[in-house]
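Subject: Handover of a structure and summary of findings

Dear colleague,

Please find the structure below, handed over for your records. The findings follow it, arranged by topic.

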Amino acid sequence: MSQRYLPLLATLAIFIIAYIASTFQFPPMFSTRVIGNLLTDNAFLGIAAVGMTFVILSGGIDLSIGSVIAFTSIFLAMILATTSIHPLLAFAIVLVMTTAFGALMGAIIHYLDMPAFIVTLAGMFLARGLAFVVSIDSIPIKHPFYETLQDWYLRLPGGGRFTLIGAAMIVTFLVCIVIAHRTRFGANVYALGGGVATAKLMGVDVARTTIAIYAVSGLLAGLSGIVYSIYTSAGYSLATVGVELDAIAAVVIGGTLLSGGVGFVAGTFIGIAIQGLIQTYITFDGTLSSWWTKILIGILLFSFVAMQKGILLFSKDRSQKAG
Amino acid sequence: MDDNAILSATGITKIFPGAKALDGVNFSLRRGEVHALLGENGAGKSTLIKCLTGAYRRDGGTVTLDGEPIDPKNPLCAQALGIGTVYQEVNLLPNLSVAENLFLGRQPRRFGLIRSSAMKENARALLAKYGLDINVSASLDSYSVAVQQVIAIARAVDLSGKVLILDEPTASLDAREVEMLFAIVRDLKAKGLGIIFITHFLEQVYTLSDRITVLRNGRLVATRETATLPRQELVTLMLGHELQELSKSSHRKSEQLSEPRYRFENYGKAGTIKPFDLLVHRGEVVGIAGLLGSGRTETAELLFGLKAPDSGSKATIDGSVVSVNSPRAAIARRFGFCPEDRKVDGIVGDLSIRENIALALQARQGWWKPVSRTQQNALADQYIKALDIRTTDREKSIRLLSGGNQQKAILARWLATNPEFLILDEPTRGIDVGAHGEIIRLIENLCADGMSLLVISSELDELVTYSSRVLVLRDRQHVAELSDEEITTTHIINAIAARPSQPERSQVA
């Protein structure tokens, strides 16, 4: 067993223990209803976090996704309110836009050799600003196709609902797990995270891979925006502020090293589930302020980074003694 | 030229701004030979390798591989043509699995998806040829450097297959691992590959190589059969002496000196340098000689506290025991250190000459007691005059000065702190002949003023001129100490080249 799996296993263990403990306190928490809602409520965050996982695995960061989600939602609301085009076409248009936006950021990061932090920070302001240009008001989406999408769900035994957007998140995760571990692109992402100079010497097309990584992040942020618009039936330029940070938290709690090269897309799913679990617990408790979610996530995040550091030190120590 | 040559380079020239790194170098590599490429720092070994592998574009000369002229644009091109390189720092990805490292970019696929079981099988088969039976799904960094080195060789040979360049592959391996690596290299040689082997360990050169090419100052010195080249001659070729008998005309005799001022006993650091004893008197220059990688710089860094010495090491100054575990402690004891690579460790290129000179003094005073501008000006002017630093004014950026003048400015930095024990690592490297003489004169003057100096140099006649004792290093240990009449270039070369006495040498690194 490689110690690479340790952070992932730790996250999984924490999730299972926390879930079992919560159900002891609030037995209804163990129900398909809660699980179904957890998936639905966190669908947009989960999809965005998958994109963030690729970015972080490659050793980068993408701060623009919260703004891109907001832009997508307001753009969709506006285009559906003012034109008569079909939502599916609108989805396609907006996905092309967000993917191109991500690719552009990737190209700037690579060709101008600028830090991803700065480039995507600029992207964050740009996308947020563009969202305000579209509209500063919250625009409701009242399209029959949206209602169809919202009404589609699988009824689970026990009364829970497995909604379309929850399914969209699960499918995104499954597809991206395959991409990360079974394609050359996925291998190249890990290679970049291991060391750009070395990866280049070993024949990785660094330019293409970097651009593709940020394009994927843009694409998934767009998809996340679509899911968000279905979830809220509205577009709002002030929505999803700070979602990129929630996504980073989910990725790190899911066992991915912030320095890149080590981690799993599946881990991010558990990171999302933990965040959702904390929220659900607080809802069930009823007396705690919802800000406790942030406090707990902060504590978790810190302990995970500390744990990863500890594992690193421990393994170095051990290999030195061995070698 | 050679009929059996697989790779031959003729008249390779590489010019960097202000310096000719390679000047018409010829090199040929035969099928099935191990060819050692030797030379001191700055001799042009790595520049030559980089020109062969396309990491640098050469400015002149031709390279032919299998008789065809080639001009690789980058190392990947060279690899596709058949020239693979393995570096000292393993150039693989530590976070990927062994199999992924071997097949990155050429993974077997079906319907666009990687067939990981096939990839692992291929990886196992490939490594089996090198006698390596390991878990190929484990990440690379779970294996020792030696195993990683073998994996890197396996990848390079699998991708290129004609020429293998090994750039100091043994620098961090122990004796047993070196043996394993050598067995692999001999095996590849038997398969007809041409292998270029770069190392600092002369022992390994004689164990493994068939021919030796020596470079010095960007020029080809000689290509010789290993079997017919005596060690003394090799060292002479590397250090560049026509064995003109230089010996001390000298003034000071070591026994005329008073009690030793600095006494380092059993001083060492595991894995860096074996414990040694060193005495330095007031007003004495102790020289340190040895080939690159023999532990010269490590000795200096240890004495200056850049590396903390192991317990059991004991330093005394004027009879009282002190501990020098950090550069700060060293500076507080009035030590000074001019490092070897002034571009990396010494000058702060964009600061002015004045600021560079004031730096160490300021550091010693602490940040709360600034050295006033007038004081800095006075200091800078004083040393620009005293050391004859050629500059238009003291506010010029130091990187605009020539190498010799930069070196003098760094010397000035340490002299400004009034050191009593000054360590100079290669003070005359890369500076022109005129400046050379001035630095040597300066060393002698400082010594006459009562300062104690420790000078590391590859220029043996220089060491002979000013040292009252010379320590000789080899394979990270002090192997000889010469004093007075013993100090001649021949004696130093013999000490460096001496075959190490047997059992001592099981530790190669």
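Which residues in H12(B) meet which residues in H14(B)? Asn356(B), Ile357(B), Leu359(B) and Ala360(B) of H12(B) meet Ala409(B), Ala412(B), Arg413(B) and Trp414(B) of H14(B), where contact means heavy atoms within 4.5 Å. These contact residues comprise six nonpolar, one polar and one charged; Ala, Val, Leu, Ile, Met, Phe, Trp, Tyr, Cys and Pro count as nonpolar, Asp, Glu, Lys and Arg as charged, and the others, Gly among them, as polar.

The model is predicted, with pLDDT of at least 70 required for local features and pLDDT 80 or more for side-chain atom pairs, while totals for chains, interfaces and linings use all residues. Residues are numbered from 1 along each chain as its sequence is written, chains are lettered from A and ligands numbered from 1 in the order in which they are written, and side-chain values use heavy atoms, leaving out hydrogens and water.

Helices (H or I, at least four residues) and strands (E, at least two) are DSSP runs, numbered from the N terminus. Two packed helices are described by the angle between their axes and the distance between the axes.

Helix H12 (residues 353-365) and helix H14 (residues 403-415) of chain B pack at an angle of about 30°, and their axes are 7 Å apart. Axes are lines fitted to C-alpha atoms, for helices over the stretch in contact, and angles run from 0 to 180 degrees between N-to-C directions. H12(B) and H14(B) are therefore roughly parallel to each other; the term applies to angles under 35 degrees, with over 145 counted as roughly antiparallel, 65 to 115 as roughly perpendicular and the rest as oblique. The crossing of H12(B) past H14(B) is right-handed. A crossing is right-handed if the near helix is turned clockwise from the far one by less than a right angle, and left-handed if anticlockwise.

Helix H5 (residues 145-159) and helix H6 (residues 175-190) of chain B have axes that come within 10 Å and cross at roughly 15°. H5(B) is therefore roughly parallel to H6(B). Their crossing is right-handed. On the H5(B) side, Ala146(B), Gln149(B), Val150(B), Ile153(B) and Val157(B) take part, meeting Glu177(B), Met180(B), Leu181(B), Ile184(B) and Leu188(B) of H6(B). The residues of this contact divide into eight nonpolar, one polar and one charged.

Sheets in chain B

Strands of a sheet pair through backbone hydrogen bonds, either parallel or antiparallel. Two strands pair here if DSSP finds at least two bridges between them.

One open sheet holds four strands in the order S2-S1-S4-S5 (chain B), with antiparallel pairing. From one strand to the next the twist averages 25°. Five bridges join S1(B) to S4(B), and Gly60(B) in S4(B) is the bridge partner of Thr13(B). Strand S4 (residues 60-65) of chain B is joined to S5(B) by three bridges. Across that pairing, Val63(B) is opposite Ile70(B) and Leu65(B) is opposite Glu68(B). The hairpin of S4(B) and S5(B) has two residues between the strands, and Asp66(B) there takes a positive phi near 55°. Helix H1 (residues 45-53) of chain B lies across S1 (5-16), S2 and S4 of chain B, running at about 115° to S1(B).

Another open sheet has four strands in the order S14-S13-S16-S17 (chain B), again with antiparallel pairing. Strands S14 (273-280) and S17 (320-322) of chain B are its edges, each pairing on one side only. S13(B) and S14(B) pair over five bridges, and Phe276(B) in S14(B) is the bridge partner of Tyr267(B). These two strands form a hairpin with three residues between them, and Gly271(B) in the turn has a positive phi of about 85°. Strand S16 (residues 314-317) of chain B pairs with S17(B) over three bridges, where Ser320(B) is the partner of Ile317(B). Helix H9 (residues 296-303) of chain B lies across S13 (262-269) and S14 of chain B, at about 65° to S14(B).
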